[in-house]
Amino acid sequence: MRVPTAIAVTSADLVLPAPDRHTPGAALLHPPEQLDLEAALAETGALLERHGHLVALVPPWLPRSTVQRLHTVRAILETDRIALLGIDLPPLGTALLARQLRQLSVCDFSPGIIASAARLLSHYIYAGALLGSVAKLDRVRVPVGLGAHARSWSPSAQFAVMAHPKPHLAKLSGGSQGAHGPRGGVLPAGPEFATHLTFARGQLTSDWVTAELAPAWQVQGVMENPLPASSPGWWGTPKLVEFAAGIPDLSVLYQLVASVRREECRWCGLELIGDRCGFCAAPLTAPPPPAPASTARSRP
C-alpha cells in the first residue's frame with residue numbers, strides 16, 4: 001500500500017480539520033525553540049523513512065530561525081526528498097493550502113507533482129480579513145492610502161481587506177452596526193467557482209464574514225477555526241476576523257492538477273507541473289547561455 005507524501009507545516013494551528021476520513025493529517029516540524037537540532041533531525045528522518053518524501057510549506061512570515069532550521073536539517077540529511085515551498089499567503093490561507101495538498105496526497109500523483117501543485121492551487125485561494133485598523137498593515141502586501149490610515153484611528157472603523165489573489169481594501173460604513181457589525185462599502189470580488197469559506201476570529205466582534213461576505217460569494221459551506229498565532233502579526237492588528245475561501249472538492253482539485261501538462265525535471269528527474277521543480281527548485285528550461293564577449297576587430 002502506497003504511503004502518502006507527507007505534507008508538513010511549522011505550527012499546529014496551521015492544521016485544519018480533515019474534510020473526510022481519507023485525508024491524512026499534517027506533519028508538524030517543530031521550531032528551534034521547541035526542539036533542538038538533534039531531535040529535529042530525528043523527527044524529519046523518521047518522516048522520510050515512513051513517507052518517502054516530505055513537502056513543507058515555508059511562508060515568508062515565518063521567523064528567520066525557523067526557516068534556517070528547515071534548510072539546515074535538509075542540508076545535514078543530504079537528501080533531495082524534502083521540498084521547502086515558499087508560498088506567500090496569509091496564515092489561514094496557508095493552512096487552507098496545506099489541507100488541499102493533504103487531500104491530493106492520497107491520489108495517484110507522484111511527490112514531484114504534489115509539490116509543484118502548491119503554486120497552482122495557491123492561485124485559487126481567496127484570502128483576506130476584516131480589520132479594525134490598517135495603521136500597521138504592510139504596504140507591500142496591501143496598498144493603504146493616507147485616508148485609510150487616518151480613518152484607522154476611529155474606534156468604530158472596520159476594513160474589508162483582500163491580500164490574495166488581488167489586493168483590495170475598502171472601508172465599511174459604520175452607520176448600521178446591528179448584530180453583524182458595519183454594513184456597506186465595496187465587497188471584495190469573490191471567486192467565480194465553488195468554494196468553502198474558513199474563518200477565524202481575533203479580538204473583533206463582528207459577524208460580517210458569515211452574514212454578508214459568505215452570501216455575497218455564494219460559498220457552499222462555512223467553517224470556523226481558531227485564529228493562527230501568526231495572524232495578528234501578519235495583518236498588523238489583533239482586532240480582526242481572518243477568512244480564506246478555496247476549492248473543497250477533491251475531484252475538482254484532482255482534475256485541476258491532472259489537466260496540466262507534466263514534465264520531467266532536467267536536474268533531479270522528478271515529475272513536475274508548471275515551470276519549476278518543487279524539490280530542487282530547478283527551472284523547467286535551462287537559462288540561455290551567456291552571450292559571447294565581443295572581440296575587438298584587429299586592424300589589417
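Ring pairs link Tyr124, Tyr126, Phe193, Trp208, Trp217 and Phe243 into a cluster in this predicted model, where rings of Phe, Tyr and Trp (its six-membered ring) are paired if their centres lie within 6.5 Å, and planes under 30 degrees apart count as stacked, over 60 as edge-to-face and the rest as tilted. By this rule the count comes to seven aromatic pairs. One of them joins tryptophan 208 and phenylalanine 243, a tilted pair with 6.4 Å from centre to centre and 55° between the planes. Because tryptophan 208 belongs to helix α6 and phenylalanine 243 to strand β10, this pair ties together parts that are 35 residues apart in sequence; helices (H or I, at least four residues) and strands (E, at least two) are DSSP runs, numbered from the N terminus. Tryptophan 208 has 0% relative accessibility and counts as buried, as does phenylalanine 243 at 1%, the term buried denoting under 20% relative accessible area, with exposed over 50% and partly exposed in between (1.4 Å probe, protein chains only). The rings of tryptophan 234 and tryptophan 235 form an edge-to-face pair, because their centres are 4.6 Å apart and their planes lie at 65°. Tryptophan 234 is buried at 5% relative accessibility, and tryptophan 235 is buried at 0%.

Residues are numbered from 1 along each chain as its sequence is written. Local features need pLDDT of at least 70 and side-chain atom pairs count only at pLDDT 80 or more, whereas totals for chains, interfaces and linings use all residues, and side-chain values use heavy atoms, with hydrogens and water left out.

Strand β10 is part of an open sheet of six strands in the order β7-β6-β5-β10-β8-β9, with mixed pairing, two strands being paired if DSSP finds at least two bridges between them. The edge strands, β7 and β9, each pair on one side only. The twist averages 20° from one strand to the next. Strands β6 and β7 run antiparallel and are joined by five bridges, and glutamine 158 has leucine 172 in β7 as its bridge partner. Helix α3 (residues 91-104) packs on this sheet and touches β5, β8, β9 and β10, its direction making about 30° with that of β10; axes are lines fitted to C-alpha atoms, for helices over the stretch in contact, and angles run from 0 to 180 degrees between N-to-C directions. Helix α6 also packs on the sheet, touching β5, β6, β7, β8, β9 and β10, and its direction makes about 25° with that of β10.

Within helix α6 (residues 208-217), the buried residues are Trp208, Val209, Glu212, Leu213, Ala214 and Trp217. Their cover includes β5 (126-131), β6 (158-164), β7 (168-172), β8 (196-201), β9 (221-224) and β10 (240-246), with contact meaning heavy atoms within 4.5 Å. Just after α6, glutamine 218 adopts a positive phi of about 55°.

Strand β3 (residues 54-57) is covered on both faces, with Leu54 and Ala56 buried on one side and Val55 and Leu57 buried on the other. It pairs in the parallel sense with strand β1 (residues 6-9) over three bridges, and alanine 8 stands opposite alanine 56 in β3. The pairing of β3 with strand β4 (residues 82-85) is likewise parallel, over four bridges, and isoleucine 82 in β4 is the bridge partner of leucine 54.
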